[in-house]
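Dear colleague,

I am passing on the structure that follows, together with some notes on what was found in it. Please read the notes with the structure open beside you.

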2 protein chains.
Amino acid sequence: MAHAVAAVPAPPEHELLRGAGLRVTGVRLAVLRALDGHEHSTADDVVRAVRADLGAVSVQAVYDSLHALATAGLLRRMEPAGHPARYERRVGDNHHHIVCRGCGLVADVDCAVGHSPCLTPSETHGFAVDLAEVTFWGLCPECANGP
Amino acid sequence: MAHAVAAVPAPPEHELLRGAGLRVTGVRLAVLRALDGHEHSTADDVVRAVRADLGAVSVQAVYDSLHALATAGLLRRMEPAGHPARYERRVGDNHHHIVCRGCGLVADVDCAVGHSPCLTPSETHGFAVDLAEVTFWGLCPECANGP
DNA sequence: GGCGTTCTCTGGAATGATTCCAGTATCGAA
DNA sequence: TTCGATACTGGAATCATTCCAGAGAACGCC
């Protein structure tokens, strides 16, 4: 009876990649896993996590994967001014970010108002706007108290 | 009667610097002038403008001035992801930016709603928020039509 | 199951904006 | 006018990211 179910189901990450028309590779799977539960990781964080997972992997392989996945909409790239880029798997929803001026810590914020009032600029200067990005700046609890 | 007014009034930039507690130097005045009518200039743009104005000036002098002026609140620094930082003299008002994905062109947008509903996040995670930054992304008319 | 095309990964070097450093020049208060 | 603090010079360094050419792996097709 153990073999009644035809095959081991492919892991969800596998499906995601196929669904997006991307080849399934070890590095890409490892990148997705690395970001699971570690939102707002830098490319460097991801490189370390992927190497802990797979062994030797080149920096470019990770950058390429991050690019491919971001372009396919499987992850989102955000770049706080003055900090390296950060990646997250939470996509498709309308959420924003708080960045700490002290340590660079990033936290998610759901849109303050539910729908998107600020997401339609008053005057577009003829631009075809496709995305509104809101970043809050401040100090995290740690940096606000610390020396 | 011509000499009734005691002295030639200091240029407004001069006053601005003194008012902010900054020393008045040629480079700083030239940086402010360079940004006049050329909002959203890059550091490189400013270096070129300052050199056209004063002659030989080091890159660091311009970066130092930009930093000092930005810290003093006399200009604002904005850094669209993937592009060099840009500087503008329009400060203190609540305005945002549209950035072209094609050419990097930046335009000003007044807050879509007048006051600031989006500027108060729903949950701050304990952060002391002091600034909300809204960036719209899209294509400028030129890039939307061009090849 | 093997084959070939096409995309991905490796390793190393390059880029570009920005910053660091030590020494010299300048600003402006006394 | 002098002096201390601050700004500027020139050159080298940093850091995230990208470019490059070639070796390797995925997967549609026979």
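The surface near DNA strand C is made up of nine nonpolar, six polar and five charged residues, where Ala, Val, Leu, Ile, Met, Phe, Trp, Tyr, Cys and Pro count as nonpolar, Asp, Glu, Lys and Arg as charged, and the others, Gly among them, as polar. Please keep in mind that this is a predicted model, in which local features need pLDDT of at least 70 and side-chain atom pairs count only at pLDDT 80 or more, while totals for chains, interfaces and linings use all residues. Residues are numbered from 1 along each chain as its sequence is written, chains are lettered from A and ligands numbered from 1 in the order in which they are written, and side-chain values use heavy atoms, with hydrogens and water left out.

In total, 20 residues surround DNA strand C, and the closest are Arg23(A), Arg28(A), Ser58(A), Gln60(B) and Tyr63(B); a residue is near a strand if one of its heavy atoms lies within 4 Å of it. Of the atoms of DNA strand C that come within 4 Å of the protein, 64% belong to sugar and phosphate.

Turning to the two protein chains, the contact (heavy atoms within 4.5 Å) takes 40 residues from chain A and 40 residues from chain B. The area buried between them is about 3,300 Å², with 61% given by carbon and sulfur atoms; buried area is the accessible area (1.4 Å probe) that two parts lose on being put together, summed over both. Two salt bridges are found across the interface of chain A and chain B, a salt bridge being a side-chain nitrogen of Lys or Arg within 4 Å of a carboxyl oxygen of Asp or Glu. Asp130(B) and Arg101(A) join their side chains in a salt bridge, at 2.6 Å from N to O.
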